[in-house]
Amino acid sequence: MRITEIRTRVVEWRGKTVPLPPHFCTNPMDLLSLPQASMGTFTFHGWLIVEIFTNEGLVGLGNAALSPRITKQVIDLYLKPLLIGADPWDIEFLWQHMYRKTMAFGRKGIGMVAISAVDIALWDLLGKSARQPVYRLLGGRTKPRIPVYASRLYSVPLDQLAAEARKYKEEGYKAMKLRFGWGPADGAEGMQHNVALVRTVREAVGPGIDVMADAYMGWTLDYAKRMLPLLEPFNLRWLEEAVIPDDIHGYAELKSCGRVPIAGGEHEFTLHGFRELLTARAVDYIQFDTNRVGGITQARKIAALAEAHSVPVIPHAGQMHNYHVVMASLNSPMAEYFPIVDVEVGNELFWYIFKGEPVARDGFVDLDENVHGLGLTVNEEALKKFEVIG
């Protein structure tokens, strides 16, 4: 089998978008006190679709959600020439070739996102070639179904927040995640607003449901240390991304406090980056996203490294490229799940672009062992609601 062509398409949403209210979700821009809504910087209304064609008629499908226009250029200009004519089964060599070829300007960020999208498409190809789901190529099924947590709660009026949390409990979810709305710029009063959010969710779902909370890189170490004792009574499963990703020492200091488990890694890249987090004893949970860390080729290595450190892996965002890694890893006890909603932040766009994503039932998703590869196809009809840049 040989690679004959690689097609990249950026799709940008042109349909209705739900506006985001103030304090919807704290984020790194909050400290700058800009007049515009800060969360607008972190909406993802574009997506990159990568298709790898072969001389045997098989097509592998990959994707990326970060900076899709620039990521497309990296693939078209730098990665595609390395891959045309190659055998996709040489996947480790191809990954190393892409990584080392782009090292001067890549290594992390957009360069690694581009490699990730290509690598995911290559694994999809391998599964189709072997006539097996990808998780079987990674070691097979380690659990009957994948437990998932509802990742949709944001900073909204408390009555709405309580109602939504109760709805997820009634739908069978055993865990759910909330985003904080206030950060250092909002002072002590903002801290009490954050506490009210957590208290509302905890009281709505009771003690038998895991509740997690996400600061989305919007706090400083000082602010996070002040928040920890306020959060401790609510028995959070974890506090996520309390500080910026590069502040590994900050993560380690928060973890050493022992008040609330600390999670991170959504914005970390490569095996080496996670080695630094793990050796620093900086996190209680690893949250890589397969379409950011170098694809499945690297995700499985990071998962093994985390297992060696007894740190569970619960990937960011769910989606098929992460579900297959979770299914094949005993060290991944559950996965994130974005419910189907109207387009707002953009996390939900994959529901509009692809067919085949598993829908949660009673707090679980499953992967069909009779579907080869990752199990996704592009919903070409739905792309009429997007601007397509080929």
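**A walk through the model**

Analyst: Ser67 counts as partly exposed, because its relative accessibility is 35%. Keep in mind that this is a predicted model.

User: OK, and where is Ser67 placed?
Analyst: Ser67 is in the loop between S3 and H1. Its phi is near 40 degrees, a positive value in a residue other than glycine.

User: Why point that out?
Analyst: Because most residues other than glycine have a negative phi.

User: Got it. Which other residue has a positive phi although it is not a glycine?
Analyst: Gln319 is one, with a phi of about 70 degrees. You'll find Gln319 in the loop between helix H10 (295–308) and H11.

User: Is Gln319 buried or exposed?
Analyst: Gln319 counts as buried, because its relative accessibility is 5%.

User: And how many residues of helix H11 are buried?
Analyst: In H11 (residues 320–327), 8 of its 8 residues are buried, so to speak mostly covered. Among them are Met320, His321, Tyr323 and Met327.

User: Switching topic: what is the strand order in the open sheet?
Analyst: The order is S3-S2-S1-S14, an open sheet of 4 strands with antiparallel pairing. Strand S3 (59–64) and strand S14 (386–389) are the edge strands, and each pairs on one side only. From one strand to the next, the twist averages 25 degrees.

User: What holds paired strands together, in general?
Analyst: Strands of a sheet pair through backbone hydrogen bonds, either parallel or antiparallel.

User: How many bridges are there between S1 and S2?
Analyst: Strand S1 (residues 3–13) and strand S2 (residues 46–54) pair over 9 bridges, in the antiparallel sense. For instance, Thr8 has Val50 in S2 as its bridge partner, and Arg7 stands opposite Glu51 in S2.

User: What about S2 and S3?
Analyst: S2 and S3 pair in the antiparallel sense too, over 6 bridges. On that side, Glu51 stands opposite Leu61 in S3. The two strands form a hairpin with 4 residues between them, and Gly57 in the turn has a positive phi of about 85 degrees.

User: How many residues of S2 are buried?
Analyst: 8 of its 9 residues, so S2 is described as mostly covered.

User: Which helices pack on these strands?
Analyst: Helix H1 (residues 68–83) packs on the sheet and touches S1, S2, S3 and S14, with its direction at about 180 degrees to that of S1. Helix H3 (residues 110–130) lies across S1, S2 and S3, running at about 150 degrees to S3.

User: How do H1 and H3 pack, then?
Analyst: Their axes are 9 Å apart, and the packing angle is about 60 degrees. H1 and H3 are therefore oblique to each other. H1 passes H3 in a right-handed crossing.

User: Which residues make that contact?
Analyst: From H1, they include Ile70, Thr71, Val74 and Leu79, and from H3, they include Ile110, Val113, Ala117 and Val118. By class, the contact of H1 with H3 has 11 nonpolar, 1 polar and no charged residues.

User: Last one: where is Thr270?
Analyst: Thr270 is in helix H9 (residues 270–279). With a relative accessible area of 4%, Thr270 is buried.

User: What does Thr270 touch?
Analyst: Not counting residues up to four places away in sequence, Thr270 touches Arg107, Met112, Val293 and Ile302.

Terms used. Residues numbered from 1 in each chain as written. Predicted model: local features only at pLDDT ≥ 70, side-chain atom pairs only at ≥ 80, totals over all residues. Heavy atoms only, no water. Pairing = 2+ DSSP bridges. Axes fitted to C-alpha atoms, helices over the stretch in contact; angles between N-to-C directions. Contact = heavy atoms within 4.5 Å. Buried < 20%, exposed > 50% of the residue type's maximum accessible area, 1.4 Å probe, protein only. Parallel < 35°, antiparallel > 145°, perpendicular 65-115°, else oblique. Left-handed = near helix turned anticlockwise from the far one by under 90°. Nonpolar A, V, L, I, M, F, W, Y, C, P; charged D, E, K, R; others polar.
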